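Q: How should I read side-chain features in a structure like this one? Please take me through them step by step.

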Amino acid sequence: MEGIKKLKQDLEVLEEMAGLIDEYLRSDVLFYPTSRTDLPKVTLGGYLMRQYRLLQLRDLLDMEEQSRLHDAIGQYNSALDEKIVRFETKAHTELEARLRQWQEYLSEVKRGVNIAYYESAVDTRAMIEALVAQLRVPPYELDEEIPRSLALLDRELSRVWERGEFVWPREWKPAYPRDEYWWLYGHPRKAD
């Protein structure tokens with residue numbers, strides 16, 4: 001049931017972000033503040049990660065929540081109208097920041113630091129995945145250096161990877177197949 005509760009929280013966050021996405025795209029800020037201090041800041045990666053999860057797992061939501069999800073996605077899509085270049089630019093800027101953030105976390109793991117925080121740290125990897133997926137959908141274009149950089153980081157993680165259980169709530173497993181999201185099935189171990 002923890003996964004359903006978190007999914008409902010994701011919906012709240014998604015709605016807040018969808019309502020601010022137009023302002024966010026017009027701003028020069030990468031991490032845009034929300035009206036509530038208990039919610040994460042607006043980013044395209046944060047929005048897209050949640051939208052993917054909510055759409056994949058919408059059957060876990062009741063009808064009213066599914067309607068709210070539909071409305072939030074509609075609001076988000078309307079905000080993107082005629083902002084292809086702005087979206088692409090902001091998404092690539094975020095990808096660079098998220099790749100650096102993920103690389104820093106993996107460097108800590110190599111030193112045996114913060115391994116226990118993998119379950120929350122891996123959000124960064126999920127946001128990278130969501131951004132890359134969106135930028136591969138026309139009319140967007142993905143800078144092909146991004147997949148190369150990500151592949152290097154995935155190889156780095158795989159050197160210290162220990163296969164295991166799904167790290168997020170079990171209710172979310174159907175949204176994240178093991179072969180595609182291998183980095184959610186296990187954890188890093190301390191490097192030798």
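This is a predicted model: local features need pLDDT of at least 70, side-chain atom pairs count only at pLDDT 80 or more; totals for chains, interfaces and linings use all residues.

Q: How is a pair of aromatic rings described?
A: By the distance of the centres and the angle of the planes. Rings of Phe, Tyr and Trp (its six-membered ring) pair if their centres lie within 6.5 Å; planes under 30 degrees apart are stacked, over 60 edge-to-face, the rest tilted. The count here is 16 aromatic pairs. F166 and Y185 form a tilted one, with 5.0 Å between centres and 50 degrees between planes. F166 is in strand β1 (residues 161–166) and Y185 in strand β2 (residues 185–188), 19 residues apart. Strands (E, at least two residues) and helices (H or I, at least four) are DSSP runs, numbered from the N terminus.

Q: Are F166 and Y185 buried or exposed?
A: Buried means under 20% relative accessible area, exposed over 50%, partly exposed in between (1.4 Å probe, protein chains only). F166 is buried at 10%. Y185 is buried at 4%.

Q: Which charged end sits over the ring of W168?
A: A charge sits over a ring if NZ of Lys or CZ of Arg is within 6 Å of the ring centre and within 35 degrees of the ring normal. For W168 it is R53, 5.1 Å from the ring centre. K90 does this over Y24, at 4.3 Å.

Q: What does V167 touch?
A: Contact means heavy atoms within 4.5 Å. Leaving out residues up to four places away in sequence, V167 touches Y118, E119, V122, L184 and G186. V167 lies in the loop between β1 and β2 and is buried at 15%.

Q: How many salt bridges are there, and which involve D22?
A: A salt bridge is a side-chain nitrogen of Lys or Arg within 4 Å of a carboxyl oxygen of Asp or Glu. The whole structure has 15. D22 bridges R26 at 3.2 Å; both lie in helix α1 (residues 2–26). D22 also bridges K83 at 2.8 Å. K83 is in the loop between α3 (63–80) and α4 (84–110), so this pair ties together parts 61 residues apart in sequence.

Technical notes. Residues are numbered from 1 along each chain as its sequence is written. Side-chain values use heavy atoms; hydrogens and water are left out.
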